[in-house]
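Here is a friendly walk through one protein model, written for someone meeting it for the first time. Have a look at the picture, then read on for the side chains.

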Amino acid sequence: MENSLGDFRINDHSAETDLEFVHRELSKSYWAENIPLAIVKKAAENSICFNVFIEKEQVGFARVVSDKATFAYLCDVIVTEMHKSKGIGKALMQFIMAHPDLQGLRRFTLATKDAHSLYEKFGFTLQKMPDRQMEITRPGLYLEKK
């Protein structure tokens, strides 16, 4: 799938994902600070990847982990600082939500610290039954010395 919107284009072509770009941006994020490139590569290989380009430069990325039938988890949504507030995040979300492999899912989840208003526009809400959700979380995992 591919869509051109004004100055940028969005696609789900994993072969076009610039893993060095994704690694650089994720390494600066609050959720994956210092993530190793090998982990980024493995995560991308096992996800549906979405790319945003202005000409040939990648400026955005997101990935979805899914069984493509019942469940999906949206993660690693990034838009470079230089290109924020240009509607790229909204266009990326529209593209993701229209993706044929992500239709008819029973549950579509994500986690965010500060972008609730963006995701609410696409139907995401706070968990209705958080007491049913459980997790194992390891914040700072990539900061630990091995």
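## A charge over a ring

Let's start with Lys 113, which sits over the face of Tyr 30, 4.5 Å from the centre of the ring. Keep in mind that this is a predicted model. Tyr 30 itself is partly exposed, with a relative accessible area of 41%.

## Rings that pair up

A pair of rings is described by how far apart the centres are and by the angle between the planes. The count of aromatic pairs here comes to four. One of them is Tyr 30 with Trp 31, an edge-to-face pair with 5.0 Å from centre to centre and 80° between the planes. Trp 31 is partly exposed, at a relative accessible area of 37%.

Tyr 119 and Phe 124 also pair edge-to-face, with their centres 6.2 Å apart and 75° between the planes. Are these two buried or exposed? Tyr 119 has 8% relative accessibility, so it counts as buried. Phe 124 is buried as well, at 12%.

## Opposite charges

Now for the charged side chains. Those of opposite charge can pair when their charged atoms come close. How many salt bridges does a search of the whole structure find? The answer is seven, and the table shows some of them.

| Salt bridge | N to O distance |
|---|---|
| Lys 28 and Glu 25 | 3.3 Å |
| Lys 41 and Glu 45 | 2.5 Å |
| Glu 81 and Lys 84 | 3.5 Å |

Salt bridges with shared partners also join Arg 24, Glu 25 and Lys 28 into one network.

Lys 28 has 59% relative accessibility, so it counts as exposed, while Glu 25 has 13% and counts as buried. Lys 41, at 41%, is partly exposed, and Glu 45, at 52%, is exposed. These two share helix H2 (residues 37-45), where they are four residues apart, about one turn of the helix. As for the remaining pair, Glu 81 is exposed at 63% and Lys 84 is partly exposed at 43%.

Glu 25 brings us to helix H1, residues 19-27. Which residues of H1 are buried? They are Phe 21, Val 22, Glu 25, Leu 26 and Ser 27.

## A serine in a loop

One last stop: Ser 47, in the loop between H2 and strand S3 (48-54). With a relative accessible area of 11%, Ser 47 is buried. What does it touch, leaving aside neighbours within four places in sequence? Ser 47 is in contact with Arg 63, Val 64 and Val 65. With Arg 63, there is a polar contact of 2.8 Å between the two side chains.

Conventions
Residues numbered from 1 in each chain as written. Predicted model: local features only at pLDDT ≥ 70, side-chain atom pairs only at ≥ 80, totals over all residues. Heavy atoms only, no water. Salt bridge = Lys/Arg side-chain N within 4 Å of Asp/Glu carboxyl O. Buried < 20%, exposed > 50% of the residue type's maximum accessible area, 1.4 Å probe, protein only. Polar contact = N/O pair within 3.5 Å; in protein donor to acceptor, adjacent residues only side chain to side chain. Contact = heavy atoms within 4.5 Å. Phe/Tyr/Trp six-rings, centres within 6.5 Å; stacked < 30°, edge-to-face > 60°. Lys NZ or Arg CZ within 6 Å of the ring centre and 35° of its normal.
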